[in-house]
Amino acid sequence: MSLSKCFEILTKYFPSFLLGIRTTLIVALTGTLIGLLIGLLVGGIRAIKLDKTASKTNKIIKAVIDGILKIYIEVFRGTPMMVQAVFIYYLVYTNIVRWDKMFAAIFVISINTGAYMAEIIRSGIQAVDPGQNEAARSLGLSAMQTMMNIVLPQAIRNAFPAIGNELIVNIKDSSVLMIISITELMFQSNSIAGTTYRFTETYFVTAMIYLFMTSISSVILNAVEKKINHTRTSLPQSDTSIESIVIAKKGADHVNN
Amino acid sequence: MSIIEVKNVRKSFGNNLVLSDISFNVEKGQVVCLIGPSGSGKSTMLRCLNLLEDIDEGEIIVLSQDINKISDINSYREKVGMVFQQFNLFNNMNVLDNCVLAQMKVLKKERKEAEMIALEHLDNVGMKDFAYAYPSTLSGGQKQRVAIARALCMNPEIMLFDEPTSALDPEMVGEVLNVIKDLANKHMTMVVVTHEMGFARDVADKVIFMDDGLVLEEGKPQQIFNNPQNERTKQFLSRVLQADL
Ligand SMILES: Nc1ncnc2c1ncn2[C@@H]1O[C@H](COP(=O)(O)OP(=O)(O)OP(=O)(O)O)[C@@H](O)[C@H]1O
Ligand SMILES: [Mg+2]
C-alpha cells in the first residue's frame, strides 16, 4: 500500500468522498435524533409506573402497550440493521409505495436506534431516585408532569454518554445501509474502489475518514457533557433579583385557623 | 368534625400484614405524633393518607371525603403536603424552582406570583438566601427546610411528616424541628411520624403508639410519656428514652 496513492485517490475522488460524507452524516445525525425521540417516547412509556390506585382497565392497557414495545425493542436489537434495511425497504417498496431510498435509510436507522435509545432512556430513568417521583406526586403533579419536568431531564443527563455513543455507532454502522444503495461513504468507496482497482488504498482512505468523523464527534460530545455536568454542580451565582422581588404578603396565609 | 378519620384500616404487602386494624382521628389544627418501633407500619399509614399506598379494608375520611373513592387524586394531594425522611428535592432545579413548579403546574399560578409565594415560605424557613442554589450544594437540614417550604407553597390544609429529622446529622435536627414547631404554633394540622420523643412531648396534642399494625395506645403526651398503660408502650418508651440520654 502506498500513501501517495492514497492521497492521489483522495484528491481525485474528493467530490465522491464528500458526497459520501454528507450522506453518512445526514443519515447518522437524523437517525440519532429521531431515534432519541423514539427512545424518549418508548423508554418513557415503559418506565411510567401507574398509581397503585389506578383502575384495572388502565393497568391492562399499560401491560399490553408494554408488551408491544418490548417486542419492538427485542426485534430491532436482535437482528442486524443490514437485514432490517433490505427487508423493510423491499417490503414497503413492493407492497405499499415506491419510496425514496434515502428516506428508507433514515427510517430504518431511526427505528433501529430508537430500540437502543429506549433501553438507554429507561435505565436512565430508573437511575433517578424514586423519592423525587413520590415527592412530585405528593404535590399533586400528574404522572406525566412528573415524567416531563423531573424524571426525564435527569434521565437524559444520566444517559448522555450512552446517547452520544449512539451517534458514534451510527456514523460507523450507517455503512451497512449501502445495501440499499444510498450514497453514503461506504457505498461511494465501493464505487471508487471499483473504478480504481486500488482496494487497499481506497478503503484506507475510507477508514481514515470514518475515524476523523468519529473523533470529531467524541470531542464535541465530551465538551457538551462537561457543560451539562458543570451546570449541575455550579454554585449559585448571587442574584440580586431575590432582593428586588417585593414580598407582598408577609405572614402566614397558609395556616388554616 | 375531625379533619382526618381513619377507620379500621387494614393493609398488607403480599403476605405481610402491615396495618391490621388502625383507627384514629385528627382534629383541625391538631399535631398528632405517630410513634412506635421500626416496622410497625407508621410510614405505611402516613403514605395511605396521601394515597401513595392504597388500603385493603377500612375507610379514610379526609376533609369530609372518602379518599379511596375520589377520582381526582392529584387535586386531593395538593391539599395534603408531605415531607419525607430523604427530603426528595428535585435535583434538576434550584431551590426556588423546587417551590415554584407545582404551583405553576398544579395550581396554574403565574410564575411571578408563584415566586413571591415561594420566597415568602423560603424566608419563613430561613432559606430565602439559597433560592438560586441547587439541592446538591445544601446540607441535610437546609434541604429539609426547603422541602417543608415547598410543601407549604401549595397552601395545604394538612401536613404529613415521615421522620423528617431521621436522616439528619444531630446538629441539624433542631433547625428543622423549630420550623415544624413554628407551623404548630400557626395551628397547621399535622401528622408527624417521629423518633424525637422530646419533640412529641413538647409539640403534640396527641401521641399515638403503634406496634404490629395496631394502635396500642393514644392520648395526650403527658399521659403517654408519664403514665403509659400498655406494657409494650412502656417497653418501647424505656428503650428510646434511655437511648436519648
Ligand atoms: N412497598 C412495600 N412493599 C412491601 N413491603 C413493604 C413496603 N413498604 C413497607 N413494607 C413493609 O411494611 C412493614 C412496615 O413498614 P413501615 O415502613 O410502614 O414501618 P415504619 O413503622 O415506618 O418503620 P420505620 O420506623 O423503620 O420507618 C415493614 O415490614 C416493611 O418491610
Ligand atoms: Mg418509616
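A polar contact is a pair of N or O atoms within 3.5 Å; within protein, one of the two must be able to donate a hydrogen and the other to accept it, and residues adjacent in sequence count only if both atoms are side-chain atoms.

## Ligand 1 and its contacts

By that rule, a polar side-chain atom of T44(B) lies 2.5 Å from an oxygen atom of ligand 1. A backbone N or O atom of G39(B) is 2.8 Å from an oxygen atom of ligand 1, and for an N or O atom in the side chain of N16(B) the distance to an oxygen atom of the ligand is 3.4 Å. Taken alone, ligand 1 exposes 640 Å², and the protein buries 61% of that (accessible areas by the Shrake-Rupley method with a 1.4 Å probe; for residues, only the protein chains shown count as cover).

This is a predicted model, in which local features need pLDDT of at least 70 and side-chain atom pairs count only at pLDDT 80 or more, while totals for chains, interfaces and linings use all residues. Residues are numbered from 1 along each chain as its sequence is written, chains are lettered from A and ligands numbered from 1 in the order in which they are written, and side-chain values use heavy atoms, with hydrogens and water left out.

## The shell around the ligand

There are 13 residues around ligand 1, of which S38(B), G39(B), K42(B), S43(B) and T44(B) come nearest (a residue is near if one of its heavy atoms lies within 4 Å). The shell divides into 3 nonpolar, 8 polar and 2 charged residues (Ala, Val, Leu, Ile, Met, Phe, Trp, Tyr, Cys and Pro count as nonpolar, Asp, Glu, Lys and Arg as charged, and the others, Gly among them, as polar). With 3 residues, α1(B) gives the most to this shell (helices, H or I, of at least four residues and strands, E, of at least two are DSSP runs, numbered from the N terminus).

## The largest pocket

The largest pocket has a volume of about 650 Å³ (on a 1 Å grid over the protein atoms alone, a pocket is an open set of points with protein on both sides within 12 Å along at least five of seven lines, and lining residues have an atom within 4 Å of a point; points are joined across faces, edges and corners, and a volume is the space filled by probe spheres set on them). Its lining has 25 residues, and A47(A), K49(A), P130(A), N133(A) and E134(A) lie nearest its centre. The largest share of this lining, 6 residues, comes from α6(A). By class, the lining holds 10 nonpolar, 5 polar and 10 charged residues.

## The cavity

A search of the whole structure finds 1 cavity of 30 Å³ or more (a cavity is a set of points where a 1.4 Å probe fits but cannot get out). The largest cavity has a volume of about 40 Å³. Both chains contribute to its lining, which includes A135(A), S138(A), M82(B) and R150(B). The lining comprises 8 nonpolar, 1 polar and 1 charged residues, and α5(B) gives the most to it, with 3 residues.
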